[in-house]
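Reader: I am new to this structure, and I would like to learn how to read its features step by step. Could we go through it together?

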Amino acid sequence: SPSGMGACCSQPDDLGSLSDILSDLDDGASNEQVTFRVSQRVRCKDKGDAQWRTGTVTSADPLEVQVDGWDSAHSWDQVEALGGSADLKPLTASCVGATPLRGAATAAEVASLFTSTGDAPTEQDILDCVQRGWWESATHLVRLAHDRGLAVDEMSQVLSAATRSRDEASEVLSLLRYGGSVGAHAEETVVACAFQWAQSEGALHLNVKFSSRIDGPVTVLNVDNEKVRLSERRLDFSATGRQKPKQFTLQLDLHGEIVPESSSWSFASVGRMTFTIAKAVNETWPRLLKDQSARPTNMHHWVERQASLDAEAKKSPPAPKPAAEGKADAKSAGDAKPADGEAPAADEKAAASVKPATGSGDKQEL
């Protein structure tokens, strides 16, 4: 009704009161870990996502949730217990108007009620206020309960109800601010892929992870619409997450020239892909990137792969002498006839163009 709408809009501080409630509930419990159990119903989302997803806990340590309708479980930045019939008590008679909260017919009477009786409000008292939208009264009761020694940080029912109300209000505000144009892809975010790199004289080797952290869990197991573009000194990669609406990217301006047509890439273990990028000149690069100041924070050395490449380089045959050793040696080698059963000598001119392997002894920057 018009009067009801006026009452609602005349209280612009409601969300502020709600924030106060959540802050007070979290007071003293910011470092505590919430324990979830397998098969528990929860809601989850990643940072930057506007919408919560409902699902079921499939693993408590590490915490993983399988979203309803998805084929597999994943880790999430935020996970909260659902306030369903198993987690929240139903509204008391006071909440539906049969009997007001401990005799309080209005929100204004709640504050004086506990002050006059000296009683400490219970979790159900605070929950009744939250479910009726009496935010200022709920804030007062939370602080009063805290002052009287109650563990407000353990009031999970109030926390779930208040959080749900906050998120629902935030969604309405977003629609109002953007003129109702918040679409299905509003929650899509861009993730700069973490990666490791190693090199041999002839190629670069990249291990790319579909996550912003190399030491964290993968954000998605698979990607679609992958696009890879290699040019003379640059790598561009983008793809869309299959399990989450994430756009994964990697853009690198390289230190030296590469050979795109001789390079390759493939999907590796779940949540990863690898690149083998051919160098235009056989040499050890001092660093991967053209501009070291543009080095991403989630770029790392691929230590295991580098050790393997260095070991292979040490096992390779000794490199031929360079052309600078003298034309006489080259001429005599060219004039000499091989003995019976021997292979002809290698072309000295071609051999001179191959630079010797240096292994891990060369200094290189990350």
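Reader: Is F267 buried, exposed or partly exposed, and at what relative accessibility?

Author: Buried means under 20% relative accessible area and exposed over 50%, with partly exposed in between (1.4 Å probe, protein chains only). At 41% relative accessibility, F267 counts as partly exposed, and W265, at 34%, counts as partly exposed too. Please keep in mind that this is a predicted model, in which local features need pLDDT of at least 70 and side-chain atom pairs count only at pLDDT 80 or more, while totals for chains, interfaces and linings use all residues. Residues are numbered from 1 along each chain as its sequence is written, and side-chain values use heavy atoms, with hydrogens and water left out.

Reader: How many aromatic pairs does a search of the whole structure find?

Author: Rings of Phe, Tyr and Trp (its six-membered ring) pair if their centres lie within 6.5 Å, and planes under 30 degrees apart count as stacked, over 60 as edge-to-face and the rest as tilted. The search finds 6 such pairs, one of them the edge-to-face pair of F237 and F275, at 6.4 Å centre to centre and 75 degrees between the planes. F237 belongs to strand β9 (residues 234–241) and F275 to strand β12 (residues 272–278), so their pair ties together parts that are 38 residues apart in sequence; strands here are DSSP runs (E, at least two residues), numbered from the N terminus.

Reader: Which residues form one aromatic cluster?

Author: The cluster is formed by F210, F237, F248, W265, F267 and F275. Within this group, F237 is buried at a relative accessible area of 1%, and F275 is buried at 1%.

How values were computed:
Helix = DSSP H or I, 4+ residues; strand = E, 2+ residues; numbered from the N terminus.
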